[in-house]
Amino acid sequence: MNPERLSSNDIINNMSLKNKFVRDQLVQPIFIHEDEKSESSIPGLGKNRILFKSNVIESISRDLKNGCRNFILFFVPKNKSNTRFNAEFQENILLKIKKEFDSEVVIWVDLCLCSFTKSGHCCLFEDQKINYTESLKIMSDIGLSYVRGGADGIAPSSMLNGIVNSARMKLDSHNFKHIPIMSYSTKFASNFYGPFRAAADSSPSFGDRTSYQLDYTDKENAIKSSIKFSDEGADLLMVKPGLLSLDLIEPIALKTKKPIGAYQVSGEYSSLVYLADNKLIDFDSGLLETWSSFKRAGAQYIISYGSRYAKRLGI
């Protein structure tokens, strides 16, 4: 790990602070669709909405006024393919965002193929087997495109062996050694991703993701996975789903000595929305309690669909 990648920007630096809970440690996911005819509502995610080129600046401006300045973007292209991929739309959106906000915000971009492929899988298949070589090459090329567009960091989420190393080598060879990588280093094949898959249009058209995501009953391999991606060159590590992985945060941190965060996934967040909608919980109090649980377990940053409410919650 190059420590300078996490210290050159005050927002990213704040993400890795220990024993403190500051607003910059909360990362707000944003879904951006190329097709402006898409439905904007996201079942289960409350007031979160799918955004488009026409309103993304307005949305980020509103969040910024509320003190939220750390974002992770999920792009959904209009045309899907299993062979040819074009990141021009994504790069143009990033250029637009950085032109408007510059260093006022930090923009991470999720790096995966699930929203790009017709199959809805995080990788490419050939003869019903994962084509690792082509999958890694294409994802690394897309990651480079994101950074050229102005992304402050990339977040490989496919869980494919070698993806962090491949992305790191691609960035380094194009003079982007300063760009950090936030790895979804321990990501389970979970039942709690439903609302996300609706928003990202990424449900698998065949099979499931158990061949490349982790078995949620296997603690040993879950820890080994984060060690592996740390060794590949990840600067920040992550557990996902967050609330269901609290027991893994401390052992991963002790083994890797790297900052680790937690992703409060869509199914976890939507449970709070459901309870609040049915007057069974106070939403703000429940959300703050979940965040406090992450911090108590040792998470240094949190990705949450409610990050934009941090100021209102007193963070």
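Predicted model: local features only at pLDDT ≥ 70, side-chain atom pairs only at ≥ 80, totals over all residues.
S304 has a relative accessible area of 0%, and because the limit for a buried residue is under 20%, S304 counts as buried. Its side chain is joined to that of Q264 by a polar contact of 2.7 Å. Leaving aside residues up to four places away in sequence, S304 touches V27, Q28, P29, Q264, Y269, L287 and W291.

Two of these neighbours, Y269 and L287, also belong to the contact between helices α9 and α10. Helix α9 spans residues 266–277 and helix α10 spans residues 283–297; the two pack with their axes 9 Å apart, at an angle of about 155°. Since angles over 145 degrees count as roughly antiparallel, α9 and α10 are therefore described in that way. The crossing of α9 past α10 is right-handed. On the α9 side the contact is made by Y269, L272, V273 and A276, and on the α10 side by F283, G286, L287 and T290. These residues comprise six nonpolar, two polar and no charged.

The second pair consists of helix α2 (residues 56–65) and helix α3 (residues 88–101), which pack at an angle of about 40° with their axes 10 Å apart. The two helices are therefore oblique to each other. Here too, the crossing, of α2 past α3, is right-handed. Helix α2 contributes V56, I57, I60, S61 and L64 to the contact, while α3 contributes K96, I97, E100 and F101. By class, this contact has six nonpolar residues, one polar and two charged.

Technical notes. Residues numbered from 1 in each chain as written. Heavy atoms only, no water. Buried < 20%, exposed > 50% of the residue type's maximum accessible area, 1.4 Å probe, protein only. Polar contact = N/O pair within 3.5 Å; in protein donor to acceptor, adjacent residues only side chain to side chain. Contact = heavy atoms within 4.5 Å. Axes fitted to C-alpha atoms, helices over the stretch in contact; angles between N-to-C directions. Helix = DSSP H or I, 4+ residues; strand = E, 2+ residues; numbered from the N terminus. Parallel < 35°, antiparallel > 145°, perpendicular 65-115°, else oblique. Left-handed = near helix turned anticlockwise from the far one by under 90°. Nonpolar A, V, L, I, M, F, W, Y, C, P; charged D, E, K, R; others polar.
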